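I opened the notebook to record what I looked up, one place at a time. The entries below follow the order in which I went through the model.

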Amino acid sequence: MNAKRAAIVIAAVFVVYAALLGWRGVLLIGTGDPIAVGLGIAVLVIPVLGAFLVWRELQFGRRTEVLARELEATGGLPVDDLPRRPSGRIDRAAADEAFEKYKAEAEAAPGDWRVWFRLSTAYDAAGDRRRARATMRTAIAQHEGHEKPVN
């Protein structure tokens, strides 16, 4: 739940930022000076691009949460029982061992979104966030009935 609150706070801060930046863009355009108008238009693009990126991240989070709830309801969520270092980070050797198990499951059932979700959590535990997100996108696409190539 803390991640959801953080996302809401960040989105709210972004809205304030976008409004202030957008207002500056409008003021620049209002000067009539060609250079200021060009800068004003460029400044207006930033909040639009930012809004798209924030929306995309919130959608990713919402879809991931839907999959997690569905897996939890059926008892399919992976158990977070990996040993941790004193810093709280997961032990790398244990994460690699769990990763191999989930990778084998994904290779055995490449059309099942559940195994891709679990593999994504294994990538995350192993510290590979880029692959964790890509694998979660595969799980989301399969869950929603869209065929997405397997990584």
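Entry 1, ground rules. I take helices (H or I, at least four residues) and strands (E, at least two) as DSSP runs, numbered from the N terminus. The model is predicted, so I note that local features need pLDDT of at least 70 and side-chain atom pairs count only at pLDDT 80 or more, while totals for chains, interfaces and linings use all residues. Residues are numbered from 1 along each chain as its sequence is written, and side-chain values use heavy atoms, with hydrogens and water left out.

Where does S120 sit? I found S120 in helix α4, which covers residues 113–125.

For its neighbours I used contact, meaning heavy atoms within 4.5 Å. Leaving aside residues up to four places away in sequence, S120 touches A132, T135 and M136. A polar atom of the S120 side chain also lies 2.7 Å from the backbone oxygen of A132.

The expected span of a helix is 1.5 Å times one less than its number of residues. The 13 residues of α4 should therefore span 18 Å, and the end C-alpha atoms are 19 Å apart, which agrees. The buried residues of α4 include W113, W116, F117, L119 and S120, and what covers the buried residues of this helix includes α2 (34–73), α3 (92–108) and α5 (129–143). Just after α4, I noted that G127 takes a positive phi of about 90 degrees.

A nonpolar core is a set of buried Ala, Val, Leu, Ile, Met, Phe, Trp, Tyr and Cys residues joined through side-chain atoms within 4.5 Å. The largest one has 23 residues, and those touching the most other members are L67, W113, W116, F117, L119, M136 and A139. The elements giving two or more residues to this core are α2, α3, α4 and α5, and α4 gives the most, with seven residues. I looked at A139 separately: not counting residues up to four places away in sequence, A139 touches L67, W113, W116 and F117.

Rings of Phe, Tyr and Trp (its six-membered ring) pair if their centres lie within 6.5 Å, and planes under 30 degrees apart count as stacked, over 60 as edge-to-face and the rest as tilted. How many aromatic pairs does the structure hold? I counted three. In one of them, the rings of F14 and Y17 have their centres 6.4 Å apart and their planes at 45 degrees, so this pair is tilted. F14 and Y17 are three residues apart in helix α1 (residues 2–30), and therefore about one helical turn separates them. F14 counts as buried at 17% relative accessibility, whereas Y17 at 42% counts as partly exposed.

The rings of F99 and Y123 have their centres 4.8 Å apart and their planes at 55 degrees, so this pair is tilted. It links distant parts of the chain, with F99 in helix α3 and Y123 in helix α4, 24 residues apart. F99 is buried at 14% relative accessibility, and Y123 is buried with a relative accessible area of 16%.

Definitions and conventions. A polar contact is a pair of N or O atoms within 3.5 Å; within protein, one must be able to donate a hydrogen and the other to accept it, and residues adjacent in sequence count only if both atoms are side-chain atoms. Buried means under 20% relative accessible area, exposed over 50%, partly exposed in between (1.4 Å probe, protein chains only).
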